[in-house]
Amino acid sequence: MADTRPAAPPRRGGRSWAPSQGFLAKAALITAVLTAVGSLLGLVRDQILAHLFGAGPDTDAFLVAWTVPEFASTLLIEDAMALILVPAFSRALAQRHAGGAVDPVRTLVRSTLPRLALVTGAVAALFAAGAPWVVRALAPGLAEPGLAVDCTRLTATCVFTFALAGYCSAALRAHGRFLEPAAIYTAYNTGIIATVVLLFRAWGVRAAAAGVAVGGALMVVIQAPSLVRKLTRRHAGDPGTGGDGHRVVLALVAPVIAFAAGRQSQVLVERFLAAPLPSGAISHLNYAQKVAQMPMILSLILCTVSFPVVARALAAGDTALARRRVERDLLLAAVVVLAGAAAVIAGAPAIVDVLFQRGAFDRSDTAATAAVMRVYALGLLGQTLVGALVRCYFSAARPLWYPAAVMLTGLAATALTGALWVGPWGVRGIAAANALGITLTAALLLAGIRGQSIPLRTGVVCAGLARLGLAAAGACLVAHRCSAAVGRPLLAAVTACAVVAVVFPLLAWAVRAPEVPSLIRSAARRLAHVRCHGSRPLPDRDATDPSSAAETTPVGGHVPRRRRPHG
């Protein structure tokens with residue numbers, strides 16, 4: 001397997017881990033490819049469920065049970081576990097490289113992993129035993145509550161398996177290993193698809209819930225061997241019995257879990273509000289959200305890859321490196337998510353038709369899902385900014401409660417406006433409330449970032465986001481008109497995406513938006529290199545090399561940045 005470790009180990013003496021641009025590009029590429037494969041398999045999974053069960057009471061019952069893995073994945077893999085453990089392992093690795101008789105990495109594992117397994121195993125058992133009360137609380141008035149209870153008991157196992165998978169992912173990323181963590185959703189969706197195909201005739205939609213249990217186990221299986229090798233390769237010194245474990249449990253967990261729980265509770269609010277609506281409402285919300293969030297998932301890949309770099313930089317006291325990395329990541333993520341949102345809004349009906357309209361999923365389901373998807377897409381920039389900015393708050397040794405308070409404020413806005421808008425606008429009102437709540441959260445996080453451990457230049461970032469948003473709006477308008485003129489759904493969807501891909505960078509260049517011009521120059525440089533030298537790769541450039549400034553400096557577009565002297 002390919003290993004994406006930096007070419008040289010971190011140096012002693014408190015210097016931060018600053019891997020080369022080539023390392024980050026390789027890690028981002030591996031993560032992007034495997035994330036794309038996992039997302040594609042997720043679409044195949046959703047297409048199979050739509051084809052077999054449509055958007056009716058059976059699918060609604062499964063999606064209520066699906067709330068458990070959705071909540072668990074955010075809490076135990078994507079947000080809380082990573083935000084807690086990546087900085088903890090980064091500090092332990094920095095201490096290891098500083099020398100000492102006790103290995104702080106193995107100390108951290110011994111003091112945290114057994115407790116995590118014990119607690120999450122008990123919680124999984126409680127969820128399974130209390131499934132009837134869980135279903136009643138999540139979706140009062142559901143058409144098939146008994147079926148939802150059966151599915152919830154099967155999906156409850158993911159609380160345990162997702163916790164182990166998230167632990168492995170965080171530890172491996174902190175060690176500079178990205179291959180296996182990026183492949184977990186490929187394994188997960190493969191397990192679900194295989195189980196549904198094998199068991200749907202006998203078990204119906206319960207087969208999908210059983211697939212969640214199988215997929216969760218596969219997520220652990222593909223990562224555990226690599227983590228064991230990492231932990232046993234360096235065993236100098238006594239592994240110890242104390243260390244950061246108590247500090248991780250007592251000081252770090254509470255604010256991070258509160259934030260992650262608040263973020264994922266938006267899904268609970270949506271399904272609670274949609275449960276009394278006609279059958280299929282929850283399904284329409286689910287399918288629209290799954291497709292609309294794909295640009296957000298892709299946009300956060302770079303942030304996922306660079307998060308250990310930021311954490312290690314802060315552990316070594318190098319706030320300048322952390323700030324430059326975060327500012328660039330924010331704007332690059334915004335480029336991806338705004339372009340994707342423009343394509344989703346412009347071609348929503350055609351995209352849903354191509355992906356789902358077959359079998360039990362009919363034309364009315366396509367129209368309802370496309371309408372919701374367009375509204376969801378309005379909140380994609382907010383979703384991306386929240387996912388990126390929260391890493392700034394939680395990269396430090398002691399996270400603050402401010403992100404959790406802000407997230408709860410956004411959740412309250414979602415719940416209040418959703419309750420007001422669901423009456424006149426139905427599921428579109430719920431989606432609009434989601435977009436409003438998450439955008440408010442992003443704005444408050446950005447406003448409060450100054451004075452934190454990573455002092456971002458919020459004025460520069462906001463100006464860049466405004467220019468990128470203007471370019472995305474123009475590209476969306478042009479793409480919508482071009483797509484509407486095409487009759488066939490597949491051609492219309494391709495047209496929307498192609499027009500955005502051409503118009504968005506041109507408009508971004510015209511309004512002097514950040515990052516896009518440097519990306520175009522980089523692509524032109526690489527194309528010229530290929531023409532002159534064939535397939536021979538470009539020479540790798542280190543992040544600290546002044547010769548790479550053209551590709552790494554323009555965080556704020558035309559706003560210059562101070563450079564540290566090289567040497």
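Leu29, Val33 and Val37 make up a nonpolar surface patch with about 250 Å² of accessible area together. Patches are built from residues with over 30% relative accessible area and no salt bridge, where like charges are joined within 9 Å and nonpolar side chains (Val, Leu, Ile, Met, Phe, Trp, Tyr) within 5 Å. A salt bridge here is a side-chain nitrogen of Lys or Arg within 4 Å of a carboxyl oxygen of Asp or Glu. Areas are calculated by the Shrake-Rupley method with a 1.4 Å probe, and for residues only the protein chains shown count as cover.

The model is predicted: local features need pLDDT of at least 70, side-chain atom pairs count only at pLDDT 80 or more, and totals for chains, interfaces and linings use all residues. Residues are numbered from 1 along each chain as its sequence is written, and side-chain values use heavy atoms, with hydrogens and water left out.

Val33 belongs to helix H1 (residues 21–53); helices (H or I, at least four residues) and strands (E, at least two) are DSSP runs numbered from the N terminus. Val33 has a relative accessible area of 44% and is therefore partly exposed, given that buried means under 20%, exposed over 50% and partly exposed in between (1.4 Å probe, protein chains only). Ser39 is also in helix H1, but at 17% relative accessibility Ser39 counts as buried. Leaving out residues up to four places away in sequence, Ser39 touches Met294 and Ile297, contact being heavy atoms within 4.5 Å.

The interior comes next. A nonpolar core is a set of buried Ala, Val, Leu, Ile, Met, Phe, Trp, Tyr and Cys residues joined through side-chain atoms within 4.5 Å. The largest has 159 residues, of which Phe62, Phe89, Phe356, Met373, Leu468 and Phe504 touch the most other members. Helix H16 (residues 319–356) gives the most to this core, contributing 22 residues. Beyond four places in sequence, the contacts of Phe89 are Val105, Leu108, Val109, Tyr167, Ala171, Ala174 and His175. A second, separate core has seven residues, among them Ala28, Phe178, Ile301 and Leu302.

Thr59, in helix H2 (residues 57–78), is buried, with a relative accessible area of 3%. Apart from its neighbours within four places in sequence, Thr59 is in contact with Phe53, Gly54, Ser283 and Tyr287.

Tyr287 leads on to the aromatic rings. The whole structure holds nine aromatic pairs: rings of Phe, Tyr and Trp (its six-membered ring) pair if their centres lie within 6.5 Å, with planes under 30 degrees apart counted as stacked, over 60 as edge-to-face and the rest as tilted. Tyr287 and Phe361 are paired edge-to-face, 5.5 Å centre to centre and with 80° between the planes. The two are 74 residues apart and link distant parts of the chain, Tyr287 lying in helix H13 (residues 281–292) and Phe361 in the loop between H16 and helix H17 (363–377). Tyr287 is buried at 1% relative accessibility, and Phe361 is buried at 1%.

Trp421 and Trp425 form a tilted pair, 5.7 Å centre to centre with 55° between the planes. Because they are four residues apart in helix H19 (residues 402–425), about one helical turn separates them. Trp421 is partly exposed at 25%, as is Trp425 at 47%. Ring pairs also link Phe62, Trp66, Phe162, Tyr185 and Tyr188 into a cluster.

Most residues other than glycine have a negative phi. Arg512 is not a glycine, yet has a positive phi of about 60°. Arg512 sits in the loop between helix H22 (489–510) and helix H23 (516–533).
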